[in-house]
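Hi everyone, thanks for making time this morning. I'd like to walk you through one model, so please have a look at it first.

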Amino acid sequence: MFMEVERLRVSFPSVAGLLRAVDGVSFGVAEGEVLGLAGESGCGKTTTALSLLRLVRPPGVVEGSIVFDGKDIMELNDEGLREYRWKEVSMVFQGAMSSLNPVKKVGYQLVDTILDHTRLKRQEAIRLAEAALKKVRLPEDVLERFPHQLSGGQKQRVVIAMAIALNPRLIIADEPTTALDVLTQEKILTLLRDIVRSTGSAILFISHDLSVLAKICDRIAVMYMGRILEMGRKEDVLFSPAHPYTKGLIDSNITIDKRGSLVQPVGGSPDLVVGDVRGCRFNPRCAHATPECVASEPPRLEYRGGRSVYCYHPRYVENE
Amino acid sequence: MVENPSRNVLGRLLSSRGGLAGLVMLGFLVVVAVFAGFIAPYSPYAIVAQPYLPPSLAHPFGTDGLGRDVFSQMVYGTRLSLLVGFASALGITALGMLVGLVSGYVGSHVDEALMRIVDVLLVIPSLVFMIFMVAVLGPSFVTVLSVIIGFGWPPMARMVRSQTLSLKTRGFVESSIVSGAPTWYILFRTILPNLVSLVAANGVLAVIYAIVADASLAFLGLGSSGGYSWGTVLNNAEVEGAVYHNGLVWVSVPGVAIAFTGVAITLVARALADASGSSRVLGA
Amino acid sequence: MSSPLLEFKDVSIVYGSKGRQVKALDSVNLRLDEGERVAFVGESGAGKTTLARCLAGLIRPQSGRILFRGKDINTLSGKALREFRKSVQIVFQDPYDAMNPHQNVREYLSIPLRFLNGMSSKAELDEACSRLLEMVGLPVELLGKLPHQLSGGQKQRVCIARALASDPKFIVADEPSSMLDASASAGVLNLFRELAVTKNMGYAVITHNIAVAAYLCDTIHVMYAGKIVESASTGNLISRPRHPYSHLLLKYAPRTLSRLDLSSSNLDLEGDIEFDPWKVRGCRFRPLCTRAVKECSLEFPTPTRDEDGQVLCYNPIVY
C-alpha cells in the first residue's frame, strides 16, 4: 500500500456546530490497483479525495494521517507539496470538463497545468502535453481547439490528459463518467483501464454509480455520512455485501433484469453529521438496528481476502 | 442567477458594513431634508448679510452674490435634490422594469419594437435633449422629472430584459406556464421576485444619475422654477461669479454634496447586490 | 383504439444557424393513446428533452403539427388550452430548478389548483395541497417549507404533486430520477408506477437509462439524432433489439451485478464515437454501425412497420 490513510477526519465549523464531512476514514491504495469509493452525494467522498492532495482550505480542519510512500503528507512543506502534487498524485475533479476556461484554447490550458506544477520550459511542457493527448487517444489538433468545439467525451479526455501528463502514481478520479452518455462512458472507462495497464498508475475512482464501479474497480469502499462502512474486493462487496447499507444500495439499483419486480429503495435519507454523533451512522435507516448500534461505534470486523466491515450485524458473509 | 430567498431586505442590508454605512449616510441626508426648516438658520432666498462673505461661524459656507446664506441654500436644496433623485429613480425603475419584463418574456415583435426605442434613446445625447425639452416645455418639477425618467429608463429595461430572457427558460417558470398561470402571474409573481435584488441595486444607482441630471439642468438655469436644489446653488455660483470673489467653498459645496450622496448610494447598491449573491449585478 | 390522446405529425424542430443545424426532432411521427406507458430512450442531443417539452406544449415546432385529441395544440387558447394543460402535465428533469426559490410548497402547489382547477378559497386550497402531498408520500408539515429546505428527492416529489394537481390523464416525465441519488431514485420511480395504477394515468418517460425505461414502461421508443429509430414493446426490445443502436444500448445497460461480465471488455464500436451526427449523409448512425450497407450512406431509412413495432434500418438484426 503506497498510500495509507489512517483515521482521517475533516471538519468544518458552521452555524449549527462542527460539521464532520469525513469522520474517521482509514484505507490504503496498492500500486496499480483501482480502488472505488462508492457513496451518495454528501457522504464525504470528494472531501476525502481533496484531503489527499491537501486541498481542504481553512476553515476546514484536517486530522489524521495520510502517508504516501512513507512520507507524511500532512507534514510536507511547500517544496515537498510541489513535488507531490500532480507528479505523484493528481486529480480529475468532479465536473472538471464543464470548468474548462471557455476563452482559452485547450492546448494552452493543458500546457499551463503542466507549467503550474513544474519548473519546465514551455517547449518541454508542450511535448509532455502532446504525449498526454496521445495517451488519451485525442488527435494533436485538439490543442488548437476551444472547449465548446469539443464533445463531452473529448472534454473529459482532455481533463484526464491534464491529470496524467506528469505520470503520477495515483490518479484520483471524482465522478469522471457521471455527466456522460452510456457509450461515451464506456469509452472513458476503457481508456482509464488502459492507462492503468500501460503506466502502472493506481486510480481512486469515486462514483455513486455501482454499475460503473463494477466495471472498472478491483476493490470497493462504501462510504456513508463520513465513514467507510465496508471495504473489500469488488466481487465480495457487490455479490455478497456484508453491510445492510451496501445491500440496500445494490437492491435499489435499477437494472434491466429487475423490470418485472419492485425495487426496494433504502428508506429515509442521509444526513449531515454535525457535532458529536454516537453509534453507527446508518442505524436510523437500518432494518437490523439494535440498541448497541445506537449507543456506540460498531467494531471493525476483518475477513479473509482483505475484507472489512464496520457493523454489529453484518449479513451475507460466509466463514471468517 | 436566482435570488437569495431570505425575505428580509433590510436585514440583509444592515448586516453588511458597507450597507450600514451607506444607509447611515443616506439617513443623515434625509434628516437634513426633512428638518431643513429647523436646521437652516435662514431662508435660502433671504438676504441676510454682505454678499461674497467667506465662510464663518455665522455662515459656514459663506454668502452668495446677493448676500444670501449658502449653508441654508444647501440645506433646503437637499430636499429638492433628494426628492427629484428618489422620485426619478422610482419612475425609472418602474418603467424600465415593466418594459424589460414584457420585452424579455413576450419576445418577437413587441420585443423588437421596444428594443429599437431603447437603442434610439441610448444613442441620443441625453443631456442635450433634456436641455432642449425642458427649455421648450418650460422648467417645472414635473418637466424635469419626466425628462430625467424619460432618458433614464433604457439601461434598466435592458438589464431586466436580459435577466428575464435567462429566467424564462428556468424550470420553475415553465412549471408556472404548464400549470396554467396567466402572463401577469408569470411576470410579476414568478419572474419578478427573482429580479428584485438586481432591480433594487440598479434602481438605487439611478438616484445618482437623477441627482446629477437634475443638478446639471439646474446649473444651466433649467431647474424646477422657484425650487432650490444643489444645482441651483452651483448655478448661482456661476452666474454671480463666485470664482472671482474667492468663493471657493461656495463653488465646491454642491459637488461635495453630490459626491457624498453618490458614495452613500453606491455603498447601499453594493450591499444589495452582494446580498442577492449575484456577481454581475451592477449594470445600469 | 379510439382517437389518440397525442399525436405528432411530421414534427421537426431545428436549432442553430447555417453552418451547423441540429435537428433536435426530424420529421417525427408519433401516436400516444390514453393509458399508454411509453419511454423515449436515447443519448443527450437525441432530441428527447425537446420531445418532452413539445408534448407539454412548451415549444412550437417549426414544421409539422402536434395534436391533442385531434386538435392542433398551437391553435388552442382559453378554455381549450386549459383542458389540454389539465390533461397533459410534465415533470421536469431538475428538481432544483423546477421550484421557485421564493415560493413555499403550498404556494407552488396552489398555482395549478388556482389556474387549472379554478379553486380560490384558502380552505379549499389548503385541503387540496395536503391531499397532494399525501399522494406522493410526503408529510403535510412540508407545506410551509421553501425549496432550499427540502432534499432533492422531496423536491422531485413536490414537482410530481404539482403535476398531479389537475388530475391529468398523462404525465411526461423528463429524466425523473437522473438528478437524484440512489436513495431517492427508486422511491420516485416506484411512486410513478403506483400512481399510474391508482390514478389510471398514462405516462411518457424520457431517459438515457434503458433500465429505467424497462422498469417503468410497456413500450420503448429508441431515439437517435432526432429520429425514432426503433419502437417495440419492452419485452421484445430487451430480448430482440433490431436496430444496431438499440443493440448497443442494451449491451451496456445496467444489469444485476452478479450477472455482469466484470472482466474488462473493450468497446467494439466502429471508429471513434466522437463525430458530429449532423454532418453525416444518409443514416446518421452509420459511423458507429457494424452492419452498414451501401444504402446507409445515401439516405436515412424509412420506417419498416410490423406487429412488433417499427424500425428505421436498411439492415436490422433478425432473429
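Let's start with who touches whom. There are 2 pairs of chains in contact, and chains A and C share the most contacts. By contact I mean that the C-beta atoms of two residues, placed from the backbone, lie within 7 Å. Chain A and chain B have no contact with each other, and their closest C-alpha atoms are 16 Å apart.

A quick word on ground rules. This is a predicted model, so to speak: local features need pLDDT of at least 70, side-chain atom pairs count only at pLDDT 80 or more, and totals for chains, interfaces and linings use all residues. Residues are numbered from 1 along each chain as its sequence is written, while chains are lettered from A and ligands numbered from 1 in the order in which they are written.

Now the interface of chain C with chain A. Here 37 residues of chain C are in contact with 37 residues of chain A. On the chain C side, helix 7 (182-198), helix 8 (210-216), helix 9 (234-239) and helix 10 (244-251) each bring at least two residues. Helices here are DSSP runs of H or I with at least four residues, strands are runs of E with at least two, and both are numbered from the N terminus. Helix 7 of chain C has the largest share of that side, 7 residues. By class, this side of chain C has 21 nonpolar, 12 polar and 4 charged residues. For the classes, Ala, Val, Leu, Ile, Met, Phe, Trp, Tyr, Cys and Pro are nonpolar, Asp, Glu, Lys and Arg are charged, and the others, Gly among them, are polar.

What about chain C and chain B? In that pair, 21 residues of chain C are in contact with 18 residues of chain B. Helix 2 (78-87), strand 6 (88-91), helix 3 (95-98) and helix 4 (105-115) of chain C are the elements giving two or more residues. Helix 4 of chain C gives the most, with 3 residues. The chain C side here divides into 12 nonpolar, 4 polar and 5 charged residues.

Next, chain B by itself. Chain B has 12 helices and 0 strands, and its C-alpha atoms fill a box of roughly 75 × 45 × 25 Å along the principal axes. Of its 284 residues, 48% are buried, where buried is 20 or more other C-beta atoms within 10 Å of a residue's own, exposed is 12 or fewer, and partly exposed is in between.

One helix pair in chain B is worth a look. The axes of helix 4 (residues 70-106) and helix 11 (residues 230-239) of chain B come within 7 Å and cross at roughly 140°. Axes are lines fitted to C-alpha atoms, for helices over the stretch in contact, with angles from 0 to 180 degrees between N-to-C directions. That makes helix 4 of chain B oblique to helix 11 of chain B. Val70(B), Gln73(B), Met74(B), Gly77(B) and Ser81(B) of helix 4 meet Trp230(B), Thr232(B) and Val233(B) of helix 11. Oblique covers whatever is left once angles under 35 degrees count as roughly parallel, over 145 as roughly antiparallel, and 65 to 115 as roughly perpendicular.

Finally, the sheet in chain C. It is an open sheet of 8 strands in the order 6-7-8-3-9-10-12-11, with mixed pairing; two strands pair if DSSP finds at least two bridges between them. Strand 6 and strand 11 (304-306) of chain C are the edge strands.

Why is strand 8 (residues 202-207) of chain C largely enclosed by the rest of the structure? Because 6 of its 6 residues are buried. In a regular strand the side chains alternate between the two faces of the sheet. In strand 8 of chain C, Gly202(C), Ala204(C) and Ile206(C) are buried on one side, and Tyr203(C), Val205(C) and Thr207(C) on the other.

Strand 8 of chain C runs parallel to strand 3 (residues 37-41), joined by 5 bridges, with Val41(C) opposite Thr207(C). Strand 7 (residues 170-174) of chain C is also parallel to strand 8, through 5 bridges, and Ala173(C) has Val205(C) as its bridge partner.
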